[in-house]
Amino acid sequence: MGAAGRDFHNFNVRYREDPSIEVVAFTAAQIPYIQDRTYPASIAGPLYPEGIPVYPEEKLSSLIKEKHVDEVVFSYSDVTHEYVMHRASLVAALGADFTLLGAEKTMLKSKKPVISVCAVRTGCGKSGVTRFIANAIAEAGKKAVAIRHPMPYGDLEKQRVQRFASVEEIKESGCTIEEMEEYEPIVEAGITVYAGVDYADILARAEEEADVIVWDGGNNDLPFIKPDLELVVVDPLRPGHELSYWPGEANLRRAQCVILNKAASASGKDIGTVLRNVKECNPEARVILTASAFTVEGEIKDKKVLVIEDGPSLTHGGMSYGAGFAAAREHGAEPVDPRPYATGSIKEALKNYPDLKYLVPAMGYSPAQIKDLEETVNAVPCDAVLIATPIDLAGIIKIKKPAVRVRYEVADIETPGLKGLVAGFLKEHA
């Protein structure tokens with residue numbers, strides 16, 4: 001059971017070469033348009049000359065019955081503990097075993113020093129931490145290469161190993177908006193990023209040019225590469241979530257260092273709640289506080305603005321607002337409600353996530369959905385469009401109103417802080 005990422009990795013490292021086990025199917029959830037395809041034989045290996053079919057998760061019950069399934073392996077992330085157990089209950093009721101693979105059983109070992117950046121939820125600020133770390137490594141005269149959690153939503157054979165060193169290469173690859181949101185800010189910071197499907201091949205390629213590997217996690221998933229330094233980001237704007245989601249709590253319990261990001265934006269009460277939970281869950285972890293500092297590239301005071309935020313953070317990440325909404329409020333702008341003007345899949349997304357009253361999630365998993373996003377943005381009456389996505393959305397869709405970017409970066413707010421942590425790591429490992 002997966003979402004085109006962890007599921008393929010679990011298969012590759014645990015089941016692909018095991019003749020005693022037959023993997024009969026993948027199921028797909030969370031991400032639209034990734035089901036009803038085939039995991040290709042060229043990656044699945046000689047035991048699977050026809051490849052492996054991918055079905056919608058809605059067919060799980062019938063697949064267990066029709067294919068006489070003995071075991072179901074749950075392989076996706078950022079879902080509540082309750083959600084996981086509902087799936088486990090369904091599988092158990094149908095007579096199959098329900099499996100969660102242990103963290104290190106699916107980790108690849110690197111020849112190079114590895115820092116992993118994971119989180120307890122989507123939208124905590126992992127990629128900002130990744131960029132901060134990679135820049136600190138570069139300042140020390142070493143080369144960091146980022147390996148990004150998979151998002152292979154297109155042609156799996158073509159996406160087996162992806163390497164991006166420029167924005168042009170990302171655009172030429174035909175990435176979805178979600179993929180571009182993750183890759184482009186890293187590349188713009190001067191960091192080469194690898195991603196794809198087969199992480200043994202990806203790791204081997206990255207090791208050829210890296211002094212240090214930085215694992216940039218997706219959602220709140222565990223690392224695919226065994227880290228020498230394991231960082232986990234928590235979010236005080238969502239206190240309690242660090243103990244409520246799979247596998248975010250597992251990440252927290254493993255962390256050598258916990259990064260409490262957005263510390264300058266959260267209340268002391270919420271910061272205290274998160275710190276108590278961290279101490280109870282992982283008392284040996286070092287805790288570093290950082291800020292998520294944003295800048296607004298234009299004047300928005302007294303203007304009515306349409307706020308567009310990162311899609312995954314608002315949807316399965318469960319955030320009710322992000323840097324764009326916060327910037328609008330702080331700079332005296334008035335966010336407008338897009339719901340009466342939304343069309344197609346964007347209208348459906350806003351209906352499914354009723355807390356998003358003054359926000360549009362930047363969703364673009366297909367050309368049709370990108371068109372829905374463009375039509376929605378241009379239909380909303382406003383003075384300006386406030387783009388708080390990690391990429392410049394105005395380069396992807398045609399926006400007929402003035403567009404203002406909101407950028408955000410992680411910053412140390414204590415000494416020696418995150419920069420000092422990286423310096424100590426390099427002294428020991430690189």
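A nonpolar core, as I use the term, is a set of buried Ala, Val, Leu, Ile, Met, Phe, Trp, Tyr and Cys residues joined through side-chain atoms within 4.5 Å. Buried means under 20% relative accessible area, exposed over 50%, and partly exposed in between (1.4 Å probe, protein chains only).

I am working on a predicted model, where local features need pLDDT of at least 70, side-chain atom pairs count only at pLDDT 80 or more, and totals for chains, interfaces and linings use all residues. Residues are numbered from 1 along each chain as its sequence is written, and side-chain values use heavy atoms, with hydrogens and water left out.

**Core.** I looked up the largest nonpolar core and found 140 residues in it. Tyr39 and Ile133 have the most contacts inside this core. Helix H5 (residues 126–139) gives the most to the core, six residues. For helices (H or I, at least four residues) and strands (E, at least two) I take DSSP runs, numbered from the N terminus. Next I listed the contacts of Ile133 (heavy atoms within 4.5 Å). Leaving aside neighbours within four places in sequence, Ile133 touches Ile115, Val117, Val214, Leu231, Leu418 and Val422.

**Helix H15.** Leu418 and Val422 are also among the buried residues of H15. H15 (residues 417–429) has 13 residues and reaches 19 Å from its first C-alpha to its last. That is close to the 18 Å expected at 1.5 Å a residue; the expected span is 1.5 Å times one less than the number of residues.

**Rings.** I counted 13 aromatic pairs. Rings of Phe, Tyr and Trp (its six-membered ring) pair if their centres lie within 6.5 Å; planes under 30 degrees apart are stacked, over 60 edge-to-face, and the rest tilted. Phe74 and Phe98 make a tilted pair, 5.9 Å centre to centre with 45° between the planes. Phe74 is in the loop between strand E4 (71–73) and strand E5 (79–80), and Phe98 is in strand E6 (residues 97–99), so the pair ties together parts 24 residues apart in sequence. Phe74 is buried at 3% relative accessible area; Phe98, at 22%, is partly exposed. Ring pairs also link Phe8, Phe11, Phe26, Tyr39 and Tyr48 into a cluster.

**Charges over rings.** I required NZ of Lys or CZ of Arg within 6 Å of the ring centre and within 35 degrees of the ring normal. The charged end of Arg121 sits over the ring of Tyr245, 3.6 Å from its centre. For Arg14 over Tyr15 the distance is 5.9 Å.

**Backbone.** Most residues other than glycine have a negative phi, and most peptide bonds are trans. I noted two cis bonds: Trp246 to Pro247, omega near -10°, and Thr415 to Pro416, omega about 5°. Pro416 is in the loop between strand E20 (403–412) and H15. Asp78 has a positive phi of about 60°. Asp78 lies in the loop between E4 and E5 and is buried at 3%. Asp302 has phi near 65°, but this residue is exposed at 66%.

**Cysteines.** I searched the whole structure for disulfides (cysteine sulfur atoms within 2.5 Å) and found zero. For Cys124 the nearest cysteine sulfur, that of Cys118, is 11 Å away. Cys257 is 13 Å from its closest, also in Cys118, too far for a bond. Cys124 is buried at 0% and Cys257 at 1%.
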